[in-house]
Amino acid sequence: MAILPIITVPDPRLRKISEPVERVDAEILTLLDDMLETMYDAPGIGLAAIQVAEPRRIVVVDIGKTDETRAPLFLINPEVIWASEELSTYNEGCLSVPDYYDDVKRPARVRIRHLDRAGAVQEFDAEGLLATVVQHELEHLEGGLFIDHLSRLKRERVVKRLTKVARYDEIAAHNRAERESEEAGA
Ligand code: NI
């Protein structure tokens, strides 16, 4: 297994619509395992493949907080086939939107259909935090982000800050590379 780099806003790949998985093969299973390890390492409770720059309809979720309560879900080609009219609000965050949390309202209960690791069709009902996390992750597959639910002002503020952070990181990486090449030349 491997820990994969997580891409963050404003990386334009996060806005891509992910492609359905046609066959659950060894490559897909490896990606699922790597995504789970990456999510645990972050740490996070949900991760969509596009967040590791793979535009495929794959999601891993685990809302268990400790080793004892871990129960990973592997969702391939997941879709919401039913959603309650009742809504609930959670304070959400996202590994691709570092250091920002805000309240988002979503259906309180959903039914999900997906393929499992054996390629078989499965369905399950989710409520509470699990319902929120699964809907948040499925939104990634459409190129969406939880900040799309916020006011334009709030969203622009977050994107502006993260764009600055990305620019600083780029400059720092550039300076580091220059320093290293100078040292190598000395
Ligand atoms: Ni997210």
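Lysine 154 forms a salt bridge with aspartate 102, the closest N and O atoms lying 3.0 Å apart; a salt bridge is taken as a side-chain nitrogen of Lys or Arg within 4 Å of a carboxyl oxygen of Asp or Glu. This pair links distant parts of the chain, with lysine 154 in helix α3 (residues 152-185) and aspartate 102 in strand β5 (residues 97-107), 52 residues apart. Helices (H or I, at least four residues) and strands (E, at least two) are DSSP runs, numbered from the N terminus. The model is predicted: local features need pLDDT of at least 70, side-chain atom pairs count only at pLDDT 80 or more, and totals for chains, interfaces and linings use all residues. Residues are numbered from 1 along each chain as its sequence is written, and side-chain values use heavy atoms, with hydrogens and water left out.

Buried denotes under 20% relative accessible area, exposed over 50%, and partly exposed in between (1.4 Å probe, protein chains only).

In total, the structure holds 14 salt bridges. Another of these joins the side chains of glutamate 27 and arginine 56 (2.8 Å, N to O). Glutamate 27 belongs to helix α1 (residues 26-41) and arginine 56 to the loop between β1 (46-48) and β2 (58-61), so the pair ties together parts that are 29 residues apart in sequence. Glutamate 27 is partly exposed, its relative accessible area being 48%.

A further salt bridge connects the side chains of arginine 152 and glutamate 156 (3.5 Å, N to O). Both residues lie in helix α3, four residues apart, about one turn of the helix. Arginine 152 is exposed, at 58% relative accessible area, and glutamate 156 is partly exposed, at 45%.

Five strands form an open sheet in the order β1-β2-β3-β6-β7, with antiparallel pairing; two strands pair if DSSP finds at least two bridges between them. The edge strands, β1 and β7 (121-127), each pair on one side only. Neighbouring strands of this sheet are turned by 40 degrees against each other on average, direction ignored. Axes are lines fitted to C-alpha atoms, for helices over the stretch in contact, and angles run from 0 to 180 degrees between N-to-C directions. β1 and β2 pair in the antiparallel sense over three bridges.
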